[in-house]
Amino acid sequence: MRVWQTVFAPSAAEVSPQPVPQQADLVLVFGSVAHFDAPGFATRLADAFPGAVLAGCSTAGEIVGDGVLDDSCTVTAIRFDRGAVIAAEAGIAVIDDSQPAGEALGEALAARPGLAGVLLFARGVAVNGSALIDGLVSRLPAGVPVSGGLAGDGGAFVRTLVLGPSGVSDARAVAVGLYGGGPHLGLGSVGGWEPFGPARKVTRAVGNLLLQLDGEPALNVYKRYLGDYARDLPASGLLFPFELLNGNHDSVGLIRTILGIDEAAGGLILAGTVEEGFYLRLMHASTDGLVDGAEQAGAIAAASTESNTGKAAEGDRLALLVSCVGRKLVLGDRVEEEVQAVADRLGAGTLLTGFYSYGEIGPMRDLVDCRLHNQTMTVALLTER
């Protein structure tokens, strides 16, 4: 496997990458809405990488090297020695399209034998990320690792863009299938947030709209715990997500971010679904806790890779990092520390790309069952056996 990377600064008038020494199989692109919206953006990429699968999305910040950029665009080209790449696309015009879109993507990728891993990128607003992933996984062979994330738009939560083989769209998801005995995805996903306050039962919820906790309007409960922060809702919701608990009050390994509020219904709009009968508990974070969580995610991804490919995996190594925009807000000027922690854990021979997202796609604790996460650092270490 060989990897080449180009970074275009905010001042770049347009993204026009130079051709790489060898033909690329896959090109991952992450950048600002302004870059993705530029006339001829997808055409220039297709001209620079003929025959390659193009995939990526707009972001709330770009991850490259061991740093974080804003308003830039990163282009990463990958060539496999023993692998093939196929992409599938599905439209998501309205939120109810999410699960059918996932099912269509899964069926398209599963139709070809030898599927070794999937990278999924989807619009970040007006989407039910949980339903999209559930639909995708329901159609894939058991045990196929899935990673990726939901697109961002710099924290505006208005219009996000996805790049696929057919171009750029604000109402689409693209899934990249990696095939053959070569490509391997080692996954890790860790938060680093700390719970506080009592666990409260979800007594009414519809999809990703949380309406009642312990029989009381969820918005009232949330405002009471936030105190002065409540006046800054919904923006302050990124700083105080929920931890999802089972009936025994044990964590199930999922965090849910508050993306908006419904004053009329007294509800909270979450980035993923919650089910009635489960419990939620508020969380907060320290910078050190988030950095430690990122380092753990890198360590888990590295260990998963070595156990499956051995330390002598051939060629370059590429790590796809997808971190939540809420973590970026908490970390502030120290945001690069969580990326540096992952880079240090993976070693100097690993190239990094990725973005800050509106939802991360990664494994649960069993490292197999992939779900929509919020407020995590998710690492997908791509190597070739």
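Contact here means heavy atoms within 4.5 Å. The structure described below is a predicted model.

An α-helix has 3.6 residues a turn, so residues three or four places apart point the same way.

At the E11 end of the order, E10 and E11 run antiparallel and are joined by three bridges. Valine 162 has serine 169 in E11 as its bridge partner. A network of salt bridges links Asp37, Arg159 and Asp170.

A second open sheet also has six strands and mixed pairing, in the order E7-E12-E8-E9-E25-E26. Its edge strands are E7 (84-91) and E26 (370-373), each of which pairs on one side only. Ignoring direction, neighbouring strands of this sheet are turned by 20 degrees against each other on average. Within the sheet, strand E8 (residues 115-122) and strand E12 (residues 172-179) run antiparallel and are joined by seven bridges. Phenylalanine 121 stands opposite valine 174 in E12.

Two helices lie against this second sheet. H3 lies across E7, E8 and E12, and runs at about 155 degrees to E7. H4 packs on the sheet as well, touching E8, E9 (146-150), E12, E25 (360-363) and E26, and its direction makes about 170 degrees with that of E26.

H3 and H4 are also joined by a pair of charged side chains. Glutamate 107 forms a salt bridge with arginine 139, with the closest N and O atoms 2.9 Å apart. This pair links distant parts of the chain, 32 residues apart: glutamate 107 is in helix H3 (residues 98-110) and arginine 139 is in helix H4 (residues 129-139). Are the two side chains buried or partly exposed? Glutamate 107 counts as partly exposed because its relative accessibility is 45%, and arginine 139 is also partly exposed, with a relative accessible area of 32%.

The structure holds 15 salt bridges. Another of them joins the side chains of arginine 334 and aspartate 288, at 3.4 Å from N to O. This pair, too, links distant parts of the chain, 46 residues apart: arginine 334 is in the loop between helix H7 (325-331) and helix H8 (336-346), while aspartate 288 is in helix H6 (residues 287-309). Arginine 334 counts as partly exposed at 34% relative accessibility, and aspartate 288 counts as partly exposed at 48%. Arginine 334 has a further salt bridge with glutamate 337, where the closest N and O atoms are 2.8 Å apart. Glutamate 337 is partly exposed, with a relative accessible area of 28%.

Another arginine, arginine 327, is found in helix H7. Is arginine 327 buried or exposed? Its relative accessibility is 0%, so arginine 327 counts as buried. What does the side chain of arginine 327 reach? The side chain reaches the backbone oxygen of leucine 290 at 2.8 Å. Leaving aside residues up to four places away in sequence, arginine 327 touches Val190, Gly191, Trp193, Leu290, Ala294, Glu338, Gln375, Thr376 and Met377.

The last stop is helix H5, made of residues 218-226. Its buried residues are Ala218, Leu219, Val221, Tyr222 and Leu226. Seen down the axis of H5, the buried residues fall within an arc of 160 degrees, so they line one face of the helix. After H5 comes glycine 227, whose phi is positive, near 60 degrees.

Key:
Residues numbered from 1 in each chain as written. Predicted model: local features only at pLDDT ≥ 70, side-chain atom pairs only at ≥ 80, totals over all residues. Heavy atoms only, no water. Salt bridge = Lys/Arg side-chain N within 4 Å of Asp/Glu carboxyl O. Helix = DSSP H or I, 4+ residues; strand = E, 2+ residues; numbered from the N terminus. Buried < 20%, exposed > 50% of the residue type's maximum accessible area, 1.4 Å probe, protein only. Pairing = 2+ DSSP bridges. Arc of directions from axis to C-beta. Polar contact = N/O pair within 3.5 Å; in protein donor to acceptor, adjacent residues only side chain to side chain. Axes fitted to C-alpha atoms, helices over the stretch in contact; angles between N-to-C directions.
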